[in-house]
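User: I would like to go through the terms used for this model and see what each one rests on. Please set each value against its cut-off.

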Amino acid sequence: MNFAYGGTGVFDTSSKNPNMTIQIDFFQELIKENVYTASDLSKSVALVSVAGNDYNFYLARNGSIQGFPSFIASVVNQTATNLLRIQSLGVKKIVVNGLQPLGCLPETTASSSFQKCNSTFNDLVLLHNNLLNQAVTKLNQETKNQTTFIVLDLYDSFLSVLNHPSSNNIKDALEPCCVGISSQYFCGSVDENNVKKYKVCDNPKSAFFWDLLHPTQAGWLAVYNELQTTKALQQIRY
């Protein structure tokens with residue numbers, strides 16, 4: 001069952017949809033209504049997906065680069081609180097993804113004509129991921145491994161594909177497949193007469209990114225193939 005809402009974050013973002021705390025409230029409500037038994041929960045895997053929307057919102061509100069590290073720490077701390085809360089509800093295996101390299105997303109690389117990733121953004125992502133790994137290590141120690149908390153490393157798996165696109169049958173590593181016909185439009189935009197104001201590449205299977213933010217199906221498959229070799233995926237399965 002999915003409790004996530006697109007565009008949301010650990011905290012409130014520009015999306016009007018409920019943040020992660022409220023999403024966990026919905027989960028808790030279903031438990032109270034006996035939708036899940038204790039046995040169901042103990043055999044389940046919870047995936048906690050943090051996609052970086054908090055950081056987009058921070059920048060949209062003119063947050064400073066200097067203030068970024070302390071904001072990152074607060075996002076990771078709240079994420080850890082959320083993981084513990086899900087554990088307290090009876091889930092025995094909880095997976096949280098590390099952030100993908102946000103500096104490589106087309107919305108960021110557009111300024112270099114999709115030629116190179118933004119190293120400043122990627123350095124901030126590495127800070128987030130390091131703090132998250134530390135927090136999860138601590139959680140595993142504190143719960144004496146009665147619950148398994150697992151970090152899924154999207155950063156290295158994304159970069160592995162982006163740095164070696166041809167070995168994953170990807171031709172366009174950073175350039176998105178679906179874009180607006182000008183900067184005022186996005187993938188999927190239509191005007192008042194319902195005329196489409198976007199274009200789609202000829203072969204989406206050869207592109208890693210679908211739009212300014214999201215990978216294509218082929219992109220995610222390539223990332224998944226990279227994740228196959230990681231310890232995290234073995235822990236999730238067994």
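User: Why is T143 called buried?

Analyst: The relative accessible area of T143 is 8%. Buried means under 20%, exposed means over 50%, and partly exposed is in between (1.4 Å probe, protein chains only). T143 is therefore buried at 8%. The model is a predicted one, in which local features need pLDDT of at least 70 and side-chain atom pairs count only at pLDDT 80 or more, while totals for chains, interfaces and linings use all residues. Residues are numbered from 1 along each chain as its sequence is written, and side-chain values use heavy atoms, with hydrogens and water left out.

User: Where is T143 placed, and which residues is T143 in contact with?

Analyst: T143 sits in the loop between helix 6 and strand 3 (148-152). Helices (H or I, at least four residues) and strands (E, at least two) are DSSP runs, numbered from the N terminus. Neighbours within four places in sequence aside, T143 is in contact with L84, Q87 and F149; contact means heavy atoms within 4.5 Å.

User: What lies 2.8 Å from a polar atom of the side chain of T143?

Analyst: That is the backbone oxygen of L139. A polar contact is a pair of N or O atoms within 3.5 Å; within protein, one must be able to donate a hydrogen and the other to accept it, and residues adjacent in sequence count only if both atoms are side-chain atoms. The 2.8 Å between T143 and L139 is within 3.5 Å.

User: Is Q100 buried or exposed?

Analyst: Q100 is buried, because its relative accessible area is 11%. Its place is the loop between strand 2 (93-97) and helix 5. Residues up to four places away in sequence not counted, Q100 touches A51, L105, V125, L154, Y155 and F158.

User: What makes D25 and R85 a salt bridge?

Analyst: A salt bridge is a side-chain nitrogen of Lys or Arg within 4 Å of a carboxyl oxygen of Asp or Glu. The closest N and O atoms of D25 and R85 are 2.5 Å apart, so the pair meets the rule.

User: What does the domain assignment of the chain give, and how many residues does the contact take from domain 1 and domain 2?

Analyst: The assignment gives domain 1 (1-152) and domain 2 (163-228), with bounds from an automatic or database domain assignment. The contact takes 11 residues from domain 1 and eight residues from domain 2. The C-alpha centres of the two domains lie 24 Å apart.

User: What is the area buried between domain 1 and domain 2?

Analyst: The buried area is about 770 Å², and carbon and sulfur atoms give 79% of it. Buried area is the accessible area (1.4 Å probe) that two parts lose on being put together, summed over both. Between the domains there are zero salt bridges and one residue pair in polar contact, with both residues at pLDDT 80 or more. On the side of domain 1 that touches domain 2, helix 5 (residues 106-109) gives the most, with three residues.

User: What is the phi of S113, and what is the phi of N169?

Analyst: The phi of S113 is near 55°, a positive value in a residue other than glycine. N169 is not a glycine either and has a positive phi of about 60°. Most residues other than glycine have a negative phi. S113 is in the loop between helix 5 and helix 6 and is partly exposed at 49%. N169 is in the loop between helix 7 (154-163) and strand 4 (178-180) and counts as exposed at 67%.
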